[in-house]
Amino acid sequence: MAQKPSTPKGTRDFLPAEVAKRTYIFDTIRRSFETYGFSPIETPSFELSTTLLGKYGEEGDRLIFKILNSGDKMFKADVDALKDGNLARFSNSLAEKALRYDLTVPFARFVVQHQNELAFPFKRYQIQPVWRADRPQKGRYQEFYQCDVDVVGSDSLLYEVDFVLLFDEVLSNLNIPDFTIKINNRKILSGIAEVCGEADKIIAITVAIDKLDKIGVQGVIKELKSKDISDSALEKIMPLFGVAGSTKQRLDQMKTYLKSSEIGLKGIKELEFVLDQANELGMNPDHLEFDVTLARGLNYYTGAIFEVKANNVNIGSICGGGRYDDLTGVFGMPGVSGVGISFGADRIYDVLEELDLFPKTVDNRLDVLFVNFGEMEQSYCLKAVKVLRAAGISSEVYPTAAKMQKQMKYAHARGVKNVALVGEDEIEEGFMKVKNMDSGEQVSVNVQGLIHILK
RNA sequence: GUGGUUGUAGCUCAGUUGGUUAGAGCGCUGGUUUGUGGUACCAGAGGUCGCCGGUUCGAACCCGGUCUUCCACCCCA
């Protein structure tokens with residue numbers, strides 16, 4: 001071995017036991033998606049750079065993996081841009097394709113491209129990997145899976161309600177004991193910016209107040225000042241930090257605060273509808289929380305904003321989403337409202353692992369391994385294996401007549417559930433000895449009996 | 001992108017002020033008289049100390065670069 005091989009930064013291999021757990025997560029999510037009426041689609045892992053660039057803000061563009069042009073296309077390199085020090089333009093001329101950064105923007109492209117083949121409102125789900133050239137840390141990878149569900153072609157708030165219920169159902173099915181679905185509305189944030197007379201600085205304001213629980217009131221004020229927010233505006237923002245009490249009380253306080261902002265009040269109304277409906281449909285109120293400080297960076301959101309955090313685990317948000325009124329507009333199809341959410345499968349995995357929440361039954365262990373005693377016994381066992389497999393029981397024969405101990409050790413190392421021993425005596429009597437590797441118990445049964453036990 | 005951190009056998013880690021053949025535990029392989037794993041006992045294999053370069057008579061140890069790990073920011077799933 002010359003040099004130790006390794007995967008690139010921020011990527012991982014998955015061993016069989018890990019894949020089994022990941023499959024469990026994907027299956028749980030997929031089942032609920034389909035129950036809620038969403039259909040699966042898939043899109044390519046890479047898109048044209050022009051499709052992706054400029055959709056995620058300056059920060060996002062930096063994190064997009066670009067695919068180097070190959071062959072003669074290298075001649076398209078904009079050497080002048082390099083000379084001028086315009087690295088962004090130079091790199092764009094070198095890369096006409098890029099790995100997808102999320103599933104939402106490619107979906108918008110998909111909707112525009114296939115608009116005549118889709119029935120609106122169109123509901124799709126998509127479970128595929130995405131790539132970000134981010135610096136890895138806990139719960140942050142360069143390659144990870146997103147599980148997206150979106151509806152486009154309707155501005156009905158019923159979908160917001162559906163998504164809240166969907167969050168609740170999936171996370172409950174995954175046995176996550178303590179999570180909070182935070183909900184806010186971009187219109188409320190617009191209203192806040194309007195009230196303090198800094199409507200054009202909405203992004204700076206929301207990003208700053210988003211950090212409230214992290215850096216505190218003083219930290220937020222400091223950040224706002226550094227973004228050139230005027231003192232008079234600051235004064236109007238201050239009352240926000242005093243908003244407290246139950247959800248209803250906080251909503252009332254916000255109503256008063258936003259009384260001069262039409263858009264802000266509309267946001268409150270939308271939010272109230274979603275909260276009321278969720279409540280009426282019996283959702284646990286502890287799971288849903290109105291949070292004025294929830295902003296989320298993606299600037300294409302226009303209505304509801306969601307974010308889910310698993311409590312008692314130090315990991316970022318595990319789900320996110322929101323309403324975007326005009327995502328397809330940039331691809332030439334204006335006026336189509338969409339709303340959607342995303343589950344971060346890799347972070348959910350980390351949460352389940354850390355809290356030891358994977359069901360013990362999640363595995364892909366072999367049901368039965370037949371010990372190989374020699375040619376004659378082997379062909380007898382192969383027939384038994386065929387019957388077992390037909391009954392849906394995974395089974396195989398050890399490939400060589402190696403020492404018993406070696407075969408048993410192999411079975412143990414692989415985590416095989418049962419070992420079947422069929423030697424001369426057993427063949428004569430028409431039975432097999434089957435040892436349960438977990439309990440160590442051994443029984444004598446025929447093939448049908450074994451099927452009966454394992455089914 | 002900014003600042004810090006990590007890298008020694010398959011794994012978890014020791015390795016004293018730079019000085020001969022770099023260690024431990026676990027794991028692994030083989031054996032303990034031949035149809036039974038996870039326990040016990042015996043034996044054994046396995047590392048040019050992440051990589052490249054520099055300082056030195058001499059580097060796992062000092063210096064520089066690079067890759068990787070983890071963390072904080074930024075941002076986010």
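Searching the whole structure turns up 1 cavity of 30 Å³ or more. This is a predicted model, so local features need pLDDT of at least 70 and side-chain atom pairs count only at pLDDT 80 or more, while totals for chains, interfaces and linings use all residues. Residues are numbered from 1 along each chain as its sequence is written, chains are lettered from A and ligands numbered from 1 in the order in which they are written, and side-chain values use heavy atoms, with hydrogens and water left out.

On the grid used here (1 Å, protein atoms alone), a cavity is a set of points where a 1.4 Å probe fits but cannot get out, and lining residues have an atom within 4 Å of a point. Volume is the space filled by probe spheres set on the points, which are joined across faces, edges and corners.

Select Leu157, Glu160, Ile183, Asn184, Asn185, Glu270, Leu271, Val274 and Ala304 to see what lines the largest cavity. Two or more of the lining residues come from each of β7 (179-185) and α13. Helices (H or I, at least four residues) and strands (E, at least two) are DSSP runs, numbered from the N terminus. The volume of the largest cavity is about 30 Å³. By class, its lining has 5 nonpolar, 2 polar and 2 charged residues; Ala, Val, Leu, Ile, Met, Phe, Trp, Tyr, Cys and Pro count as nonpolar, Asp, Glu, Lys and Arg as charged, and the others, Gly among them, as polar.

**Stop two: an open pocket**

A pocket is an open set of points with protein on both sides within 12 Å along at least five of seven lines. Which helix gives the most to the lining of the second largest pocket? Helix α13 does, with 5 residues. Select α12 (247-257) as well as α13 (262-280), as each supplies at least two lining residues. Among the lining residues are Thr247, Lys248, Glu272, Asn279, Met283 and Pro285.

**Stop three: α1 and its partners**

Show residues 16-35 (α1) and 345-354 (α14): their axes come within 10 Å and cross at roughly 115°. Axes are lines fitted to C-alpha atoms, for helices over the stretch in contact, with angles running from 0 to 180 degrees between N-to-C directions. The two helices are therefore roughly perpendicular, a label for angles of 65 to 115 degrees. On the α1 side, the contact (heavy atoms within 4.5 Å) includes Tyr24, Ile25 and Phe26, and on the α14 side Ile348, Tyr349 and Leu352. That contact has 7 nonpolar, no polar and 5 charged residues.

**Stop four: α15 and α18**

Jump to 375-390 (α15) and 447-454 (α18), whose axes come within 10 Å and cross at roughly 35°. Ala384, Val387 and Leu388 of α15 touch Val447, Gln448, Leu450 and Ile451 of α18. This contact counts 6 nonpolar, 1 polar and no charged residues.

Most residues other than glycine have a negative phi, and most peptide bonds are trans. Zoom in on phenylalanine 120 and proline 121, joined by a cis peptide bond with omega about 0°. Proline 121 sits in the loop between α6 (104-113) and β5 (122-131). Finish at asparagine 175, where phi is positive, near 65°; look for this residue in the loop between α7 (158-173) and β7.

Terms used
Parallel < 35°, antiparallel > 145°, perpendicular 65-115°, else oblique.
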